[in-house]
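Please find below a colleague's note on the two-chain model under review.

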Amino acid sequence: MNKTALIFMIISETVITSIMVYFFLKVLFTKPTPESDSYSENNDVER
Amino acid sequence: MSSSTESWGTRVGLILAMAGNAVGLGNFLRFPVQAVQNGGGAFIIPYFVCFLLLGIPLLFIEWSIGRYGGQFGYHTTPFTFQKMGTRRFWLYLGTFGIFSNIAIASYYCYIESWTLSYVFHSVTGTFQGMSQFQVAEFFNTYTDIFVSTTGIPFEAVFFFLLCLGINSWILSKGLSGGVEKAAKIIMPLLIFFGIFLAIKGITLIAGHQGAVNDGTVGLNFLWTPKYDSLWSPKVWLAAAGQIFFTLSLGQGSVQCFASYVKKKDDIALNAMSAGWMNEFVEVVLGSAIIIPISIGYLGIDKVIELTSAGGLGLGFRTMPFLFQNWGPILAAIAGLAFFGLLFFAGITSSLAMGTPYMSFLRDEFNWSRKKSAWFFGGSVLILGLPTVLFFQQGVLDEYDYWAGSVALVLFALIETILFSWVFGIKKGWKEITSGADIKVPGIYKFIIKWVTPLMLLIVFAGSLIRPANDEWNKLSFNGWELHKESIIGQIMQTGIGPNKDYCAGEFYAENDGVVDSMYVKDNRNYIRVSNGKGQQSSIKYDNNDKLVVEMGSIVKTGDIIYTGKVINRVFFIDFARMLLLSVFMVNVGFIYVAYKRRKREGTI
């Protein structure tokens with residue numbers, strides 16, 4: 001691969017993968033609010 | 001009126017379902033081909049700019065509209081639009097949010113059924129020992145429903161029905177029990193298959209297993225920037241178009257999924273997470289599969305020629321042949337992984353297309369989940385059958401153009417104006433940031449109000465008046481020749497050629513050239529007219545027709561090829577358009593009835 005193509009590819013893919021991982025981890029580790037939310041599996045009572 | 005008790009099971013489930021909605025066949029077949037045709041690595045620059053200025057704002061807008069409507073029990077765009085815009089015409093403009101889904105699903109499920117069938121054929125070894133021509137011909141035979149490749153009568157219809165059955169069954173299980181559960185299983189599998197094929201693609205070594213190039217030659221070709229292409233409006237329009245397709249924007253499915261999120265819950269981080277997951281699948285995995293593998297075996301020139309017909313051709317006519325180079329077992333595994341990957345990508349999107357239609361029926365007519373899911377399946381079957389029966393007459397392309405391209409841009413423009421200007425950016429911004437788990441950059445307030453609508457207007461206007469050969473410098477007040485795929489060009493049917501009548505007594509040549517082949521295949525007669533520069537057309541005729549030309553005849557566009565009873569392509573094109581228009585009007589009718597019911601019951 002030529003240098004420009006390699007740089008282009010590595011930068012693009014690294015940026016995209018990093019942002020994707022960052023947002024997904026943020027979703028995983030953001031604590032749910034104490035009040036009831038949209039997600040039924042968080043509920044205490046069986047639906 | 002709404003009696004819906006649907007909800008998402010988990011936040012991760014919602015994000016995977018939303019990412020699954022976005023990740024589709026286009027991520028693997030359309031994106032790499034668009035990149036090849038529009039400047040290689042430099043395509044990524046307009047693509048990213050469009051993602052930041054068009055994709056992300058529209059994701060915020062659609063998630064916000066959805067969650068806003070959900071507060072009032074509206075899970076589809078018509079009534080949400082009316083609530084936001086207050087005037088009655090917004091209700092009917094919201095029809096696009098239901099219409100596009102059903103219209104796109106009707107041909108998308110057919111393409112999805114090809115992937116299912118190709119998984120079957122890959123695993124059973126149908127492609128073993130076939131030449132490249134035979135594999136390409138297999139696709140033509142498959143889409144000719146009167147010829148069976150397996151002995152199953154009407155095979156294409158059988159797989160289409162199977163695919164619709166799977167979709168309807170999953171939909172009938174509901175949001176968390178069906179769509180979300182499917183996404184949680186499918187998305188990790190899809191990424192696994194994608195990584196397997198990407199590794200196979202980029203580790204190809206010239207001289208091994210029949211490869212003529214290393215896998216990195218394809219990557220080099222794809223990622224080498226051609227900066228001059230940055231000045232071409234064609235490249236920018238292609239990048240904007242790709243962003244629409246890839247994020248499933250302007251369709252109504254994002255709004256529907258988001259309508260099941262509560263007012264105080266985050267949408268900003270959810271939108272970003274799902275959106276960037278789609279970008280990962282598209283740019284990182286999508287660019288490392290079909291182009292490196294096909295260039296590895298066929299060389300750059302051949303792949304450029306093949307991509308001129310689009311990604312579907314490369315995927316279905318060529319890939320099964322290339323996998324054969326890896327030996328029978330690996331070829332079967334690769335076929336399973338590749339077409340399985342496409343099937344997974346397709347089904348998560350088609351499930352998202354089914355949800356708005358089901359939600360509308362459940363909200364407005366109190367239908368049960370099961371009844372609305374199977375009604376959706378039945379509607380897709382009726383509307384999709386013409387694409388199956390008349391695929392080779394261009395009905396699928398017609399659906400794709402109007403429902404899968406034009407309607408999306410138009411609807412995105414409508415919803416952006418509604419959100420930013422009618423509902424108001426102040427209230428809109430509050431909707432986006434309410435409950436947000438991330439800080440949304442303030443610049444997006446300006447972008448959503450000014451830049452996104454302006455870009456959408458440019459994209460729509462550009463699509464209306466696109467010049468022939470994409471020669472934008474030829475635009476002038478004295479007029480210019482329109483591209484046959486411009487909206488006006490399509491309406492005026494500029495690309496139809498000499499066979500303009502629905503029915504005729506003669507069939508005319510559609511390109512200059514020489515009759516260089518006459519053959520019989522599957523009991524059908526064909527002649528081929530080639531001009532020696534890659535342009536060729538295969539013309540099918542019946543035994544009762546009388547050929548006017550013979551082998552070696554030199555023909556000019558408009559010369560008579562044969563006489564007999566001819567039903568021209570233009571008939572099927574207009575038929576498809578009338579069908580789509582009728583579906584739109586039927587949906588408007590449904591919405592009118594629902595409005596009257598709500599009015600009577602005092603729920604609006």
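The points below take up conventions, the interface, the cores, selected helices and selected residues.

1. Conventions. This is a predicted model, in which local features need pLDDT of at least 70 and side-chain atom pairs count only at pLDDT 80 or more, while totals for chains, interfaces and linings use all residues. Residues are numbered from 1 along each chain as its sequence is written, chains are lettered from A and ligands numbered from 1 in the order in which they are written, and side-chain values use heavy atoms, with hydrogens and water left out.

2. Interface. Chain A contributes 28 residues to the contact and chain B contributes 39 residues, where contact means heavy atoms within 4.5 Å. About 3,000 Å² is buried between chain A and chain B, and carbon and sulfur atoms give 68% of that area. Buried area here is the accessible area (1.4 Å probe) that two parts lose on being put together, summed over both. On the side of chain A, the residues that lose the most area to chain B are Phe8(A), Ile16(A) and Tyr39(A), which together account for 22% of what that side buries.

3. Nonpolar cores. A nonpolar core is a set of buried Ala, Val, Leu, Ile, Met, Phe, Trp, Tyr and Cys residues joined through side-chain atoms within 4.5 Å; buried means under 20% relative accessible area, exposed over 50%, and partly exposed in between (1.4 Å probe, protein chains only). The largest such core has 197 residues, and Phe28(B), Phe60(B) and Phe338(B) have the most contacts inside it. Helix α18 (residues 328-365) of chain B gives the most to this core, namely 19 residues. Another core, of 12 residues, lies apart from it and includes Phe507(B), Val529(B), Val555(B) and Val566(B).

4. Surroundings of Phe60(B). With neighbours within four places in sequence set aside, Phe60(B) is in contact with Ala268(B), Ala271(B), Met272(B), Ile432(B), Val440(B), Tyr444(B) and Ile448(B).

5. Helix α7 of chain B. Helices (H or I, at least four residues) are DSSP runs, numbered from the N terminus. The expected span of a helix is 1.5 Å times one less than its number of residues. The 28 residues of α7(B) (residues 96-123) should therefore span 40 Å, and the end C-alpha atoms are 40 Å apart, which agrees. Because 26 of its 28 residues are buried, α7(B) is largely enclosed by the rest of the structure. Just after this helix, Gly125(B) takes a positive phi of about 80°.

6. Helix α17 of chain B. α17(B) is mostly covered, with 10 of its 13 residues buried; among them are Leu314(B), Phe316(B), Met319(B) and Phe323(B).

7. Arg317(B). Arg317(B) and Asn140(B) are 177 residues apart in sequence, yet their C-alpha atoms are 8.7 Å apart.

8. Helix α24 of chain B. Arg577(B) lies in this helix (residues 569-601) and counts as buried at 16% relative accessibility. Leu580(B) lies in α24 of chain B and is buried at 5% relative accessibility. Not counting residues up to four places away in sequence, Arg577(B) touches Glu398(B) and Trp402(B), among others; Leu580(B) is in contact with residues including Glu398(B) and Trp402(B), leaving aside neighbours within four places.

9. Asn366(B), not a glycine, has a positive phi of about 55° and is partly exposed at 41% relative accessible area. Asp470(B), also a residue other than glycine, has phi near 55° and counts as buried at 14% relative accessibility.

Methods:
Helix = DSSP H or I, 4+ residues; strand = E, 2+ residues; numbered from the N terminus.
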